[in-house]
Amino acid sequence: MHGEPIDILQIEKTFGDKSVVSDVSLSVKAGEFLSLLGPSGSGKTTLLMMIAGFEFPNAGQICVGSRDITYLAPNRRAVGMVFQKYALFPHMTVAQNVAFPLRMRSVTTKDINRRVSEMIDLVQLTGFEGRYPQQLSGGQQQRVAVARALIAEPPVLLMDEPLSALDKKLRETMQIEIKRIQNRLGVTVVYVTHDQEEALTMSDRIAVMSEGRLVQVGSPFDLYQRPATSFVAEFVGKMNFLNGEYVEAELGKCRVRISEHATLSSDLVADGESEQYRLGGRVRVAIRPEDITITRRFEFGHTTDNVLRGTVEAVIFLGQAHIILVQIEGQGEAPVQVLVPSSIGHATFVQGETVDLVIAPSAVRLFPRGVGSVQ
Ligand SMILES: Nc1ncnc2c1ncn2[C@@H]1O[C@H](COP(=O)(O)OP(=O)(O)OP(=O)(O)O)[C@@H](O)[C@H]1O
Ligand SMILES: [Mg+2]
């Protein structure tokens with residue numbers, strides 16, 4: 001079975017007078033794993049339901065392969081779906097639920113039994129075959145739903161937060177299993193999640209949604225390295241934000257004043273927003289925790305460019321790294337988070353210590369303040 005491409009063209013959806021999906025156009029390639037990522041209420045489920053055929057758009061078009069399926073009934077779309085609310089058949093056992101898509105086809109009982117037991121094993125539910133959905137936990141029900149969707153091997157598979165009820169360890173195992181099966185079958189997957197880590201792990205590309213619109217579509221690496229707006233910057237990965245005032249641009253570099261004594265130079269300016277950067281303009285400075293080098297306070301130096309002075313507020317041990325919270329002088333904002341890998345053994349900073357944070361111009365991203373930002 002090969003995956004089919006999905007083409008979504010200028011989709012609009014309103015409920016009453018409330019616009020829930022606005023002008024969404026998106027092409028998913030055959031065999032691609034694409035995640036819809038966005039906060040609660042941003043329209044992810046609604047968009048998925050329109051691809052599945054359980055909701056119809058007010059305007060726009062959805063094609064799978066070369067077929068226009070915009071108004072086709074769900075069962076005629078060759079599109080599989082794992083619903084946010086599991087939707088298992090309550091009167092069927094786990095094994096019967098998983099076998100259901102195969103019973104609809106001419107598959108021999110022997111083959112059905114073999115594939116069902118393989119799939120149940122894969123989602124780690126061996127021993128639960130005879131149970132009914134109401135005798136299962138939420139996470140177990142979710143896994144039955146995933147097994148039932150995967151066993152059908154549809155050319156297009158839609159999954160709506162299929163792992164949200166699982167604990168972290170099982171969720172990570174299932175992420176890898178789903179990805180492996182998807183790869184093996186070549187199925188096209190549209191996967192909804194509000195967990196950015198999950199989206200980064202699983203996706204070929206991620207489409208970030210906010211308030212019914214697509215904000216940015218790109219590879220995990222693109223979104224992480226080149227977020228188009230401060231919303232994306234904040235939503236994908238961890239990001240520190242500081243308030244700054246635009247000072248000047250010289251030799252292609254922008255410079256921003258962070259406090260009376262500290263300025264930051266940046267190589268990067270968000271595209272198309274340059275007119276925001278005029279003398280005295282208010283900007284949001286975004287810096288990843290891993291792009292900051294923390295040092296004991298420089299003994300002799302005066303404050304230099306791209307060094308922020310601050311005080312250690314707390315040191316948090318995460319296993320593979322420490323997060324050090326540093327309150328920056330002259331910034332009333334939340335403390336800056338600095339990520340220090342645990343392998344750097346000397347990085348033993350203590351609460352109350354004064355430190356310098358060194359930040360390369362290439363790591364300083366600038367966004368206009370108040371536009372497209374989550375405050
Ligand atoms: N049947 C409906 N009638 C009216 N409003 C609806 C309906 N379904 C969804 N909405 C509204 O549409 C918006 C988008 O909902 P949707 O379920 O698509 O969000 P979501 O991104 O999936 O959120 P979550 O992460 O919480 O699942 C919400 O404001 C929601 O209240
Ligand atoms: Mg939803």
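Author: Happy to. Lys13 counts as buried because its relative accessible area is 9%, where buried means under 20%, exposed over 50% and partly exposed in between, with a 1.4 Å probe and protein chains only. Before going on, a word on the basis: this is a predicted model, in which local features need pLDDT of at least 70 and side-chain atom pairs count only at pLDDT 80 or more, while totals for chains, interfaces and linings use all residues. Residues are numbered from 1 along each chain as its sequence is written, chains are lettered from A and ligands numbered from 1 in the order in which they are written, and side-chain values use heavy atoms, leaving out hydrogens and water.

Lys13 belongs to strand S1 (residues 6-15); strands (E, at least two residues) and helices (H or I, at least four) are DSSP runs numbered from the N terminus. Its side chain comes to 2.8 Å from the backbone oxygen of Phe56, a polar contact, that is, a pair of N or O atoms within 3.5 Å; within protein, one must be able to donate a hydrogen and the other to accept it, and residues adjacent in sequence count only if both atoms are side-chain atoms. Apart from neighbours within four places in sequence, the contacts of Lys13 (heavy atoms within 4.5 Å) include Val20, Thr46, Met50, Glu55 and Pro57. Ala59 lies 46 residues from Lys13 in sequence, with 7.1 Å between their C-alpha atoms.

Thr46 leads us on to ligand 1. Together with Ser40, Gly41, Lys44 and Thr45, Thr46 comes nearest among the 13 residues around this ligand, where a residue is near if one of its heavy atoms lies within 4 Å. The side chain of Thr45 places an N or O atom 2.7 Å from an oxygen atom of ligand 1. For Gln84, a polar side-chain atom is 2.9 Å from a ligand oxygen, and for Ser42 a polar backbone atom is 3.2 Å from one. The protein buries 63% of the 640 Å² that ligand 1 exposes when taken alone, areas being from the Shrake-Rupley method with a 1.4 Å probe and, for residues, only the protein chains shown counting as cover. Strand S2 (18-28) and helix H1 (44-52) each give two or more residues to the shell, and H1 supplies the largest share, three residues.

Glu32 sits in the loop between S2 and strand S3 (33-37). Leaving out residues up to four places away in sequence, Glu32 touches Ser27, Gln182, Val187, Thr188, Val189, Asp204 and Arg205.

Elsewhere, the largest nonpolar core has 36 residues, of which Val98 and Met159 touch the most other members; such a core is a set of buried Ala, Val, Leu, Ile, Met, Phe, Trp, Tyr and Cys residues joined through side-chain atoms within 4.5 Å. Elements giving two or more residues to this core include helix H2 (94-103), helix H4 (138-151) and strand S7 (156-160), with H4 giving the most, seven residues. Beyond four places in sequence, the contacts of Val98 include Val116, Val144 and Ile151.

Stepping back to the chain, there are eight helices and 20 strands, and buried residues make up 50% of its 375 residues.
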